[in-house]
Amino acid sequence: MAPLQLEGSPKTPHVNFDPETGLLELKGRSIPENSIDFYKPLIDWIDKYGRSPQPKTALHMQLEYFNTSSSKCILDVFKKLEAIRAAGNEVTVLWHYEADDEDMLEAGEDYAGIINVPFRMIQIAEVDDN
Amino acid sequence: MLDRIHDLYDELERQRVMLSFKGSLTEDLITALLGLVERKMLAIEPDARARKRVFNVVTECLQNLYHHNAHLKLADGQAVQTTDPHGVVMIAHADSGYSVLTGNFMAAGDVDRLKTHLDKINTLGPDKLRDLYRDTLADGQFSPHGGGGLGMIDIARKSGGKLEYGFVPYDKDNAFFSLNVNVTP
């Protein structure tokens, strides 16, 4: 299957899903008005990937901002990963948050409390977006 | 009108308004407004967490305005239909923090539900708000735009204070909703 690669925009994250390595990456900001439109292809891709996944899948989440319209879509992404893990594969979510961004750390913890996939919280230096 | 420009300027200055907009809202315009807010915050606010919280609150408020909008504006005191969502937003910088003020027409039939929701949120402290957020997130219910009732909870969490709101009944179908969110880092 083909990788899924999307350039980031002021309202949507950079996406790089690689089926050969099992490395999935979502990076930037996720604040579109209609998140369902943006996330549907991502969720469909993971659904398809889940039919013959790599033994190890890692999703790197490195979001600077996400809106509540994205929150439930992101949960749906995690639910797809939960199903891949339930089928006996190793799945990890690596939740990157900027130092001092306690809100983003809490958001990761909230997902980790809902989803049955191991989360690793990774503190990164503050991103200079100037 | 000409002699009122000074008064308007004076009033905006007194209220320490750093950005104000009234009119039709499109997705592109929201992107542009958010870009302005982000640059302005970077220039005036040294605390990264405060900058993020204000940006988050403005994003949610503008998107609420965009999605929950009766597509009406006032013309000579009468509510008339508009093509795009219509509303007003002001962001003010006070000594204690930032105020994000929004106003728009909404369906009168939704007022009671929104009021109940806001009153409930205003009774909750930070931990209970987090629980409510997590429970609402986990319940699997999607609203048409994806938020599923998380918007106001998130706004309250990022605000750190109570949500100040008001409704002005307009006609049998519509009411004007005003919201003031104080972000006090």
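**Figure 1. Strands 4 and 5 of chain B pair in the antiparallel sense over seven bridges.** Strand 5 of chain B covers residues 97-107, and a hairpin joins strand 4 of chain B to it through two residues. Within this pairing, B:Ala94 stands opposite B:Gly97 in strand 5 of chain B. Strand 4 of chain B (residues 86-94) is also joined by seven bridges to strand 1 of chain B (residues 17-24), and these two strands run antiparallel; the bridge partner of B:Leu19 in strand 4 of chain B is B:Ile91. Strands count as paired if DSSP finds at least two bridges between them, and helices (H or I, at least four residues) and strands (E, at least two) are DSSP runs numbered from the N terminus. The model is a predicted one, in which local features need pLDDT of at least 70 and side-chain atom pairs count only at pLDDT 80 or more, whereas totals for chains, interfaces and linings use all residues. Residues are numbered from 1 along each chain as its sequence is written, while chains are lettered from A and ligands numbered from 1 in the order in which they are written.

**Figure 2. An open sheet of six strands in chain A has the order 1-2-3-4-5-6, with mixed pairing.** Strand 1 (4-6) and strand 6 (119-124) of chain A stand at the edges with a single partner strand each, so that one side of each is left without a neighbour in the sheet. From one strand to the next, the twist averages 15°, where angles run from 0 to 180 degrees between N-to-C directions and axes are lines fitted to C-alpha atoms, for helices over the stretch in contact. Strand 2 (residues 14-18) and strand 3 (residues 23-30) of chain A run antiparallel and are joined by five bridges, with A:Asn16 standing opposite A:Glu25 in strand 3 of chain A. These two strands form a hairpin with four residues between them, and A:Gly22 in the turn has a positive phi of about 75°.

**Figure 3. Two parallel pairings in chain A involve strands 3 and 4 and strands 5 and 6.** Strand 3 of chain A pairs with strand 4 of chain A (residues 56-66) over eight bridges, and A:Ser30 stands opposite A:Phe66 in strand 4 of chain A. Strand 5 of chain A (residues 90-98) pairs with strand 6 of chain A over six bridges, and here A:Val93 stands opposite A:Phe119 in strand 6 of chain A.

**Figure 4. Helix 2 and helix 3 of chain B pack at an angle of about 160°, with their axes 10 Å apart.** That angle makes helix 2 of chain B roughly antiparallel to helix 3 of chain B; angles under 35 degrees count as roughly parallel, over 145 as roughly antiparallel, 65 to 115 as roughly perpendicular and the rest as oblique. The residues in contact, meaning that their C-beta atoms, placed from the backbone, lie within 7 Å, include B:Leu33, B:Val37 and B:Met41 of helix 2 of chain B and B:Val54, B:Phe55 and B:Leu62 of helix 3 of chain B. By class, this contact has eleven nonpolar, one polar and two charged residues, where Ala, Val, Leu, Ile, Met, Phe, Trp, Tyr, Cys and Pro count as nonpolar, Asp, Glu, Lys and Arg as charged, and the others, Gly among them, as polar.

**Figure 5. The axes of helix 3 (residues 48-67) and helix 6 (residues 151-159) of chain B come within 9 Å and cross at roughly 155°.** Helix 3 and helix 6 of chain B are therefore roughly antiparallel to each other. Among the residues that make the contact are B:Arg53, B:Glu60 and B:Cys61 of helix 3 of chain B and B:Asp154, B:Ile155 and B:Lys158 of helix 6 of chain B. The residues of this contact divide into three nonpolar, four polar and four charged.

**Figure 6. The contact between the chains takes 25 residues from chain B and 23 residues from chain A.** Helix 2, helix 3, helix 5 (126-138) and helix 6 of chain B each supply at least two residues of the side of chain B that touches chain A, and the largest share of that side, nine residues, comes from helix 3 of chain B. The residues of this side of chain B divide into eight nonpolar, ten polar and seven charged.

How values were computed. Two residues are in contact if their C-beta atoms, placed from the backbone, lie within 7 Å.
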